[in-house]
Amino acid sequence: MPSGPITRTPARITLPAARRIALAAQGFLDPRPEPGQVTVRHLNRVIHRVGVVQIDSVNVLTRSHYLPFFSRLGVYDRATLDRLRDRAPRRLTEYWAHEASLIPPSTWPLLGFRMERAKHEAWGGMRRVHQEHPELVDAVLDEVRRRGPLTARECDGALSVDAPRREGAWGWNWSAVKTALEYLFWAGQITSAGRTTQFERRYVTPDKVLPSRVKVDPETAHLELMRIAARAHGIGTARCLRDYFRLGAAESGRALDTLVASGELELVEVPEWPGLVYLDPAARRPRKAEVEALVSPFDSLVWQRERTQALFGMRYRLEIYTPAQQRLHGYYVLPFVFGDTLVARVDLKADRVAGALIVKRCTWERDAPANARAALDRQLRLMAEWLELDGVIA
């Protein structure tokens, strides 16, 4: 009879199989509805798949949070997505999840530990306004309670009436009001009721737009956030999983140990992927993947750059903040998924005056199959249609 603990050899997953698992988990293998037939149910399906949608203000193509839904569904009405964020019953709300993000309201309480740490972990300007001008922060909070939803400019204007600036008092101005609002937003004392057509956040107290808040202890919150991340990844390293909600190594590590012990995650080997790799046993394991999709630079598929390189063989970097003369691939570069991998980087701009989708640069991977070019042309025409542009200029 054998003695001692029995150790199980981790299953081996090939790299192509890992790519297919990841694409399926992110919703790229779900059937696309016909153009014009996308419903709220389809949008909710994407929300459930990815769990977090990053927000960014860059609008050279379209606002980044619209793109993950197009990548997975094709042509849809962006106003329908806006309503899921802006009208009751809300299916999306905003918070600092990955970065500034849209999340389901049920995820908001799980980030309570981050809200409670705002005094110490919020960005420097936010902490300073709380430390140096607590009266202003209190006044801003009171203004939002009484008058919200308010944009930053509306709040500044309301304060000018209710608490006129006095020389030698707080020294506040529009910028200070905006910073105070952002501190309160980070701290969870206010939230967002949606955005204006100018993309201004409309601040409001949580009781006005969210279900009753149930406090979740940090250990339970990390466990649930790692569950969401594991479901959205299908397969990944500890770094992949904790990056999804930007979690600390120690707390997320304990959550991973719990999920492995309970059988909710399995340790596997992917030969070309160094380090421990975790698999969601419930993840789909497709035998093939026939994907055609342009993905946002802020898409959750490519958030974690080491993961993108390990899985897809592409060293993808965001070059928006790189000086123009130093960019390798362009300003707003969308990776193109074809089959089960990334085959090109496409620098795009929506020229609304000319009514055209401009392909400023397209860089193909060396092993890109020849038929990927026709697929990219199809997706570019589809994107132009979705953005209500007349055509594509390459």
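Let's start with helix α1, residues 15–25, where 10 of its 11 residues are buried. Buried here means under 20% relative accessible area, with exposed being over 50% and partly exposed in between, using a 1.4 Å probe and protein chains only. The buried residues of α1 are Leu15, Ala17, Ala18, Arg19, Arg20, Ile21, Ala22, Leu23, Ala24 and Ala25. After α1 comes Gly27, with a positive phi near 90°. When I say helix or strand, I mean DSSP runs numbered from the N terminus: H or I of at least four residues for helices, E of at least two for strands.

Quick housekeeping. This is a predicted model, so local features need pLDDT of at least 70 and side-chain atom pairs count only at pLDDT 80 or more, while totals for chains, interfaces and linings use all residues. Residues are numbered from 1 along each chain as its sequence is written, and side-chain values use heavy atoms, with hydrogens and water left out.

Okay, on to helix α2, residues 40–50, which is where you'll find His42. Is His42 buried or exposed? It's buried, with a relative accessible area of 9%. His42 touches Pro33, Gln37 and Leu73, leaving out residues up to four places away in sequence; a contact means heavy atoms within 4.5 Å.

Compare that with Val260, over in helix α13, residues 249–261. Val260 is partly exposed, at 29% relative accessible area. Val260 and Val204 are 56 residues apart in sequence and 40 Å apart in space, C-alpha to C-alpha.

Now the cores. A nonpolar core is a set of buried Ala, Val, Leu, Ile, Met, Phe, Trp, Tyr and Cys residues joined through side-chain atoms within 4.5 Å. The largest one has 105 residues, and Leu61, Leu348 and Met383 touch the most other members. Why does this core lie between domain 1 and domain 2? Because domain 1 (122–159 + 175–208) and domain 2 (291–392) both give residues to it. Those bounds come from an automatic or database domain assignment, and the C-alpha centres of the two domains lie 36 Å apart.

Zoom in on Leu61: beyond four places in sequence, its contacts include Leu67, Tyr332, Leu348, Met383 and Leu387. There's also a second, separate core of 32 residues, with Trp273, Met314, Tyr316 and Leu342 among them.

Next, strands. Two strands pair if DSSP finds at least two bridges between them. β12 (residues 341–351) and β13 (residues 356–364) run antiparallel and are joined by eight bridges, with Arg345 opposite Thr363 in β13. They make a hairpin with four residues between the strands, and Gly355 takes a positive phi near 70° there. β13 also pairs with β14, residues 391–393, this time in the parallel sense over three bridges. In that pairing, Ile358 stands opposite Ile393 in β14.

Another hairpin to look at is β5 with β6. β5 (residues 191–195) and β6 (residues 201–204) are antiparallel, over three bridges, and Ser192 has Tyr203 as its bridge partner in β6. Five residues lie between these strands, and Phe199 in the turn has a positive phi of about 70°.

Then there's an open, antiparallel sheet of three strands in the order β2-β4-β3. β2 (53–54) and β3 (93–96) are at the edges with a single partner strand each, so one side of each has no neighbour in the sheet. β2 and β4 (residues 100–103) pair over two bridges, and Gln54 stands opposite Ser101 in β4.

Last topic: rings. Rings of Phe, Tyr and Trp (its six-membered ring) pair if their centres lie within 6.5 Å; planes under 30 degrees apart count as stacked, over 60 as edge-to-face and the rest as tilted. That rule gives 12 aromatic pairs. One of them is Phe336 with Phe338, stacked at 6.5 Å centre to centre and 25° between the planes. Phe336 is buried at 0% relative accessible area, and Phe338 is buried at 15%. Phe69, Phe70, Tyr76 and Trp386 form one aromatic cluster.

Trp386 has a charge over its ring too: the charged end of Arg78, 5.2 Å from the centre. The cut-offs there are NZ of Lys or CZ of Arg within 6 Å of the ring centre and within 35 degrees of the ring normal.
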